[in-house]
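The exercises below ask you to read strand pairing and packing from a set of coordinates. Keep the sequence at hand and work through each solution in order.

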Amino acid sequence: MSGVVYRRKAQAMSWLHDSGLLGDIEDAINAACANEPHDTHGYMCAYFEETAADPLITQLVVRPGVGLDGSATYVVELHCHMHCRSRHLVSVPLPSLPDDAESDTRIEDVSLVEKEIQGMSLRHLMHVNAILTELKSDVTFSLSYSLIAALATAEKTSFFLQAIKLRGDSDIQTRMPTALIQLFSPIQSRIVWAGKLRIRGVYVRAPRLQSMEDSAKLICRFQKNLRNVISHTKAGSLAVNFTDQGTFPVTLDKLEQTVDIIRTASSAADITLGSDLYIVLDIGASDLYDPAKGKYELGQGMMRASSDLMSEILNLVSNKENGIAAIIDPLSHDDELLPEIISKLNDSKIEVIMSTSSQDNVPVQRVSNASCFRVCLTETTTLLQSMHTFENCRSAGISCFLALTSCCLWKDNPDAVDFAAALNANYFACCLPSAQPRTFERLITLEAELKEMGVLAAPSRTAHVPSASSRRKQITSASQNSSTNDADHVNFSRPESRTSNSANS
């Protein structure tokens with residue numbers, strides 16, 4: 001019996017010596033004595049947590065769930081082996097698909113990714129993102145987001161800190177993105193209103209020089225009066241419901257009615273358009289253009305010629321009391337009058353924002369004239385690909401507006417603010433505070449965190465866009481160095497010069 005006890009003691013001493021645990025405990029005690037923390041046990045836990053083994057991905061569990069629109073969908077749960085036990089770190093909804101066959105294919109894609117990344121370290125996001133990039137499925141963005149969100153949970157940090165680590169330049173000055181608050185979005189409605197306006201959306205924004213807290217207070221005061229104004233329109237209860245939930249559109253006949261409602265609500269709230277609050281009209285002309293007729297269908301039976309739509313937009317922006325600061329997609333990309341309206345809007349000091357996706361090759365003419373780009377992220381791209389898209393935009397002298405179309409980041413997810421800040425996006429879209437309270441709260445707290453970190457860039461009245469001549473030079477050189485054979489396009493693919501630096505991070 002004594003021999004068995006002796007062997008067990010010898011094995012224990014050998015394991016204790018090989019593990020180096022005694023030395024680590026000694027270092028932890030010395031560090032605690034030097035810092036004299038108030039919470040001794042908490043300090044020791046945090047000390048050893050930093051030296052713990054990397055979380056290992058164990059499985060991706062797919063289960064039925066409910067989508068943002070109330071439809072049946074699937075949710076992916078990421079499980080990792082962490083601190084000697086399996087932990088569920090994050091749940092992410094997948095895009096809703098009505099076809100059962102496509103849903104089965106989506107589950108197979110998740111199973112395929114699980115086999116590839118099972119047992120990998122969660123911190124090796126570059127390798128995991130490379131696997132997801134090859135997948136090119138509609139679940140790619142959701143899975144890519146789940147990995148960064150899970151790592152933020154595991155390390156008890158913010159999504160922003162994990163995103164800039166993945167970006168590879170954590171010391172760069174970060175500008176808080178300007179929130180474009182969506183008021184109306186008729187084109188996204190399931191209800192087709194005969195003879196009613198069908199533009200993509202209407203936004204408002206606060207001044208860039210204001211703090212996020214002051215901007216949130218301003219928007220809340222404006223929203224309260226907006227509800228009172230809309231409730232007296234013909235849309236009635238549907239309009240009020242839209243103001244809170246972003247579900248139903250307000251039935252409007254003309255663009256002028258949209259501006260009139262905002263102007264009336266701001267006047268009631270003692271807010272001056274053009275100084276305290278600004279309007280951004282998202283015409284979405286590319287979606288409304290009918291190539292066969294050469295006209296824009298602003299609604300059922302509401303056809304507009306290019307010249308008529310251009311005149312209507314220019315008449316709106318010429319009235320300074322309307323407080324219009326930017327126009328998104330004023331005309332279709334293929335419209336011959338597009339350069340003319342962009343030039344006239346620039347002369348009126350109105351910012352022009354053109355739409356693109358994260359995989360587009362953008363014509364040089366559009367890049368050189370537009371002030372900003374509305375970049376739509378697709379479900380088949382990873383977060384890392386999105387970062388390189390914005391990086392290539394900045395290197396070409398283009399400011400960006402992040403249009404969140406993914407089910408992961410839309411609908412009151414505070415991580416959307418972190419992601420937009422990590423991308424250094426000039427704008428990002430969100431809803432009113434009543435529909436997205438956590439998003440507005442995160443805007444305020446992230447600004448305070450960036451100040452504390454010393455990386456918050458000073459706000460500016462402008463969008464930090466280079467002059468047109470310098471921007472054309474940058475774009476020309478970028479198009480010449482692009483891997484695409486078309487010299488008239490800027491390729492938004494991943495830059496090779498950044499690959500090694502990002503991999504090392």
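**Exercise 1.** Determine in which sense strand 2 and strand 3 pair, and over how many bridges.

*Solution.* Start with strand 2, which covers residues 72–82, and follow its pairing with strand 3, which is antiparallel and extends over eight bridges; two strands count as paired if DSSP finds at least two bridges between them. Strands here are DSSP runs (E, at least two residues) and helices are runs of H or I of at least four residues, both numbered from the N terminus. Next, locate glutamate 77, which stands opposite serine 91 in strand 3. The model is a predicted one, in which local features need pLDDT of at least 70 and side-chain atom pairs count only at pLDDT 80 or more, while totals for chains, interfaces and linings use all residues. Residues are numbered from 1 along each chain as its sequence is written, and side-chain values use heavy atoms, with hydrogens and water left out.

**Exercise 2.** Work out the order of the strands in this sheet, and which strands lie at its edges.

*Solution.* The open sheet consists of three strands in the order 1-2-3, with antiparallel pairing. Strand 1 (56–66) and strand 3 (85–93) are the edge strands, since each pairs on one side only. From one strand to the next, the twist averages 25 degrees.

**Exercise 3.** Find which strands helix 6 lies across.

*Solution.* Helix 6, residues 140–155, lies across strand 1, strand 2 and strand 3, and runs at about 135 degrees to strand 3; axes are lines fitted to C-alpha atoms, for helices over the stretch in contact (heavy atoms within 4.5 Å), and angles run from 0 to 180 degrees between N-to-C directions. In total, the protein has 19 helices and 16 strands.
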